[in-house]
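Please walk me through this structure in the viewer. Tell me what to select next and what is there.

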Amino acid sequence: MNLGDRLPSFRTIFILSILLRVSLIIYSEWHDKHSVVKYTDVDYRVFSDAAYFLLHPGPSNYAQGPLIRVIPESRALVGDPYTRETYRYTPLLASLLAPNIWLYPAFGKCLFAACDILNGVLIYRLLLSHVLNERGTKIKAEDKSPEQKKVSNRELKAQATFYSALHLLNPLVFSISTRGSSESVLSSLVLLTLYAALHSRWDAAAILLGLSTHWKIYPVIYGVACLGVIGGAERAQGWKGYMRALVNAKTLRFTMLSAGTFFVLGGACFAIWGYPFLYESYLYHVHRLDHRHNFSPYFYLTYLTYPIPGAATRQTDLWSRIVRSPLASFVPQMGLTVGTGLAFGRRMQDLPFAWFVQTVVFVILNKVCTSQYFLWYLLLLPLLLPRLATTQRRAGAYVIVWVGTQAFWLVHAYQLEFLGQNVFFGLWVRSLVYVIGNTWVLGGIMSDYTF
């Protein structure tokens, strides 16, 4: 009995995924009305409030961009989503969730869940069209009998169903989207970019990459890996040949299209909403100092050097300035992220692997890291698994270490958050364990990958 005979069809997984998400959205409505601890993420309320302010301009709530100042009458037409404190996203998100206000409060959850489903479909299609074929799952058509062709195609679809189900039925994925997190929208944009790139539609990929970067800045790292593939770095000889592969008419076209999309969208938003858009969407994240506990070890150093409100102003010492500088985390993070993109972004079939490695490095070394960030690289994992030559024992070790380091950290986080115990130093040590453990898992995956 082969895999195709043991697994349900993709259609069954698809329908089950929809029913699961619809059920959770309906349950969330009931749960939130009857429980003090809400199922819905607090960010979803922020999104909805921002949409409300966008749709209901007023004397103290109007867009502040230069275009609005030129046409004062337009103040009565467009509100400012940044009137809602802690809304630090593109205005496009608030616009997208406008039906939360005039149609159905859970519209956004339905949209996020639909993006989840779309992501599963894209993963399934990419597995069939590129990943499994590149792996050599199919033998040459002329060497197969009609019955062998039928069995081979069924086996191929079964494998694609299995790997895409790892996304569609992943509790972390469907719980975060049905709670009201917008990460699935960005995931859809990233996967659409990858889909276009693997089908050599580079103009579309460039535009989608620009849109993804406008939505949230981190996908810009994927452009580095794309340049090597576009320029044919795989065939380059010597460093001069490699530089010519990175800098040529094709790569410049890709860069200009992607950057142009990003700046056109940003320019349009700035023209309408002005500096609040620029600051909340981008600048805030550059100098953000988060002293609250999160998986990143940087949190403790920030906590120790964080200015105390009401305390006498004193000159900051050199160590504090270094720790609080954005460059302290940005330089090693971007150095390794760009380096891995250049190293592995050479062949079309290795593009998912290059993006995965870049994303893991980016998340591990980011100065703020929460569980939602894990979705950024878990999205790409199903596209890698068919090409990992590993044993069940090693795969089990990877899962144990990845889950175990998080659980090890969460025990202390619970003591700090809910019991009020002073365990900051112990939590920092566990953050270091998290970094070491996740780095070991990434190294294992890199060594197991078959080029």
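## Stop 1

Select Arg 179. It counts as partly exposed, at 30% relative accessibility. Keep in mind that this is a predicted model.

Arg 179 forms a salt bridge with Asp 41, and their closest N and O atoms are 3.9 Å apart. Arg 179 sits in the loop between helix H9 (171-178) and helix H10 (183-198), while Asp 41 sits in the loop between H2 and helix H3 (42-55). The pair therefore ties together parts that are 138 residues apart in sequence. Is Asp 41 buried or exposed? Asp 41 counts as buried, at 10% relative accessibility, because the cut-off for buried is under 20%.

## Stop 2: from helix H2 to helix H7

Select Glu 29 and Lys 109. They form a salt bridge, with the closest N and O atoms 3.8 Å apart. Glu 29 belongs to helix H2 (residues 10-34) and Lys 109 to helix H7 (residues 107-134). The pair links distant parts of the chain, 80 residues apart. Colour the two by accessibility. Glu 29 is partly exposed, with a relative accessible area of 27%. Lys 109 counts as buried, at 1%.

Next, select Cys 110. This cysteine is partly exposed, with a relative accessible area of 34%. Jump to Cys 369 for a contrast: Cys 369 is buried, at 1%. How many disulfides does the structure hold? The structure holds 0 disulfides.

## Stop 3

Select Arg 347 and Asp 350. Their salt bridge brings the closest N and O atoms to 2.7 Å apart. Arg 347 counts as buried, at 18% relative accessibility. Asp 350 counts as buried too, at 3%. Salt bridges that share partners join Arg 347, Asp 350 and Arg 387 into one network.

Side chains of opposite charge can pair when their charged atoms come close. How many salt bridges does the structure hold? There are 10.

## Stop 4: an enclosed space

Turn to the cavities. A search of the whole structure finds 4 cavities of 30 Å³ or more. Go to the second largest cavity, which holds about 100 Å³ of space. Select Asp 116, Val 173, Ser 184, Ser 187 and Leu 375. Of the 13 residues that line this cavity, these are the closest to its centre.

Which helices supply at least two residues each to this lining? They are H7, H9, H10 and helix H20 (374-378). The lining of the second largest cavity divides into 5 nonpolar, 6 polar and 2 charged residues.

## Stop 5

Finish at the second largest pocket. Its volume is about 760 Å³. Select Leu 381, Leu 385, Ala 395, Tyr 398 and Val 399. Of the 27 residues that line this pocket, these are the closest to its centre.

Now show the helices around the pocket. Helix H8 (146-168), helix H19 (351-364), H20, helix H21 (392-417) and helix H22 (424-448) each supply at least two residues of the lining. Which of them gives the largest share? H21 does, with 6 residues.

Last, colour the pocket lining by residue class. The lining of the second largest pocket divides into 21 nonpolar, 6 polar and no charged residues.

Key
Residues are numbered from 1 along each chain as its sequence is written. This is a predicted model: local features need pLDDT of at least 70, side-chain atom pairs count only at pLDDT 80 or more; totals for chains, interfaces and linings use all residues. Side-chain values use heavy atoms; hydrogens and water are left out. A salt bridge is a side-chain nitrogen of Lys or Arg within 4 Å of a carboxyl oxygen of Asp or Glu. Helices (H or I, at least four residues) and strands (E, at least two) are DSSP runs, numbered from the N terminus. Buried means under 20% relative accessible area, exposed over 50%, partly exposed in between (1.4 Å probe, protein chains only). On a 1 Å grid over the protein atoms alone, a cavity is a set of points where a 1.4 Å probe fits but cannot get out, and a pocket is an open set with protein on both sides within 12 Å along at least five of seven lines; lining residues have an atom within 4 Å of a point. Grid points are joined across faces, edges and corners, and a volume is the space filled by probe spheres set on the points. Ala, Val, Leu, Ile, Met, Phe, Trp, Tyr, Cys and Pro count as nonpolar, Asp, Glu, Lys and Arg as charged, and the others, Gly among them, as polar. A disulfide is a pair of cysteine sulfur atoms within 2.5 Å.
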